[in-house]
Amino acid sequence: MKATILLVEDETAIREMLRYTLTREGFEVIEAGDAREGERLIASVAPDLLLLDWMLPGLSGVELARRLRRSERTRRLPIIMLTARGDEENRIQGLEEGADDYVTKPFSPRELVARIRALLRRSGGDADTEGPLETEGLALDPASHRVTANGVDISLGPTEYRLLHFFMAHPERVFSRNQLLDQVWGDNVYIEERTIDVHIRRLRKALEKGGHDRLIQTVRGAGYRFSTQV
Ligand code: CA
């Protein structure tokens, strides 16, 4: 089945280029010129992934991302943010507000397509045959893609879900940021190590309520570990 990508971008030239590239790569592409129109399309079409420009007239891309993460229906929609070059602060803020990845303009179409594929993969587009995992009341079921803490549902973004899945499947082992990048994000994708820290922070925050954030441990100078021991 073709994955549907919603492209929210006000610059016509970039939109045309992306439509051409993504269609040729086998994606279904729908477009919006601003965030409001994008929001309407998300409600009516339910795309598989959102390509979201940061700078939009009216409601900004980052504001739209924030709104989508607040709503139960769209919390898990994978988002790739398009940002201006050299705007480090924007990139980090974009990730904090709920984007799963970003590409910096001007970007190579090949890199963007690789990132789209990687994100679709880790957002659960592919079948998962592994069994359910449980640690001290924290449960993850790959079949239903559900995470619960002491029986209470926890909503995770696609990247946090995949990160937690990896950790729970490999407990009591330290992984460097580089190893996590390879295992969770996959190769062929260039991501700064700082990106991992943002997702770890988000994962911990989501697990805070049930007290399971303590299981995601920072190992100084080495990386991260999923452990029941202090
Ligand atoms: Ca723009």
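Modeller: Gladly. On a 1 Å grid over the protein atoms alone, a pocket is an open set of points where a 1.4 Å probe fits, with protein on both sides within 12 Å along at least five of seven lines; lining residues have an atom within 4 Å of a point. This is a predicted model: local features need pLDDT of at least 70, side-chain atom pairs count only at pLDDT 80 or more, and totals for chains, interfaces and linings use all residues. Residues are numbered from 1 along each chain as its sequence is written, and side-chain values use heavy atoms, leaving out hydrogens and water.

Biologist: Where does the second largest pocket lie?

Modeller: Its lining has 14 residues, and Arg69, Arg75, Ser155, Arg202 and Ala206 lie nearest its centre. Domain 1 (4-124) and domain 2 (133-226), with bounds from an automatic or database domain assignment, both contribute to the lining, so the second largest pocket lies between them.

Biologist: How many residues of that lining are charged?

Modeller: Asp, Glu, Lys and Arg count as charged. Beside two nonpolar and three polar residues, the lining of the second largest pocket has charged ones numbering nine.

Biologist: Which residues are the protein donors of the calcium ion?

Modeller: Donors are N, O and S atoms within 2.8 Å of the metal (3.2 Å for Na, K and Ca); water is not among the atoms, so sites may look incomplete. Here they lie 2.1 to 3.2 Å from the calcium ion and are Asp10 (OD), Glu11 (OE), Asp53 (OD) and Met55 (O).

Biologist: Is Asp53 buried or exposed?

Modeller: Buried means under 20% relative accessible area, exposed over 50%, partly exposed in between (1.4 Å probe, protein chains only). Asp10, at 30%, is partly exposed. Asp53 has 2% relative accessibility, so Asp53 counts as buried.
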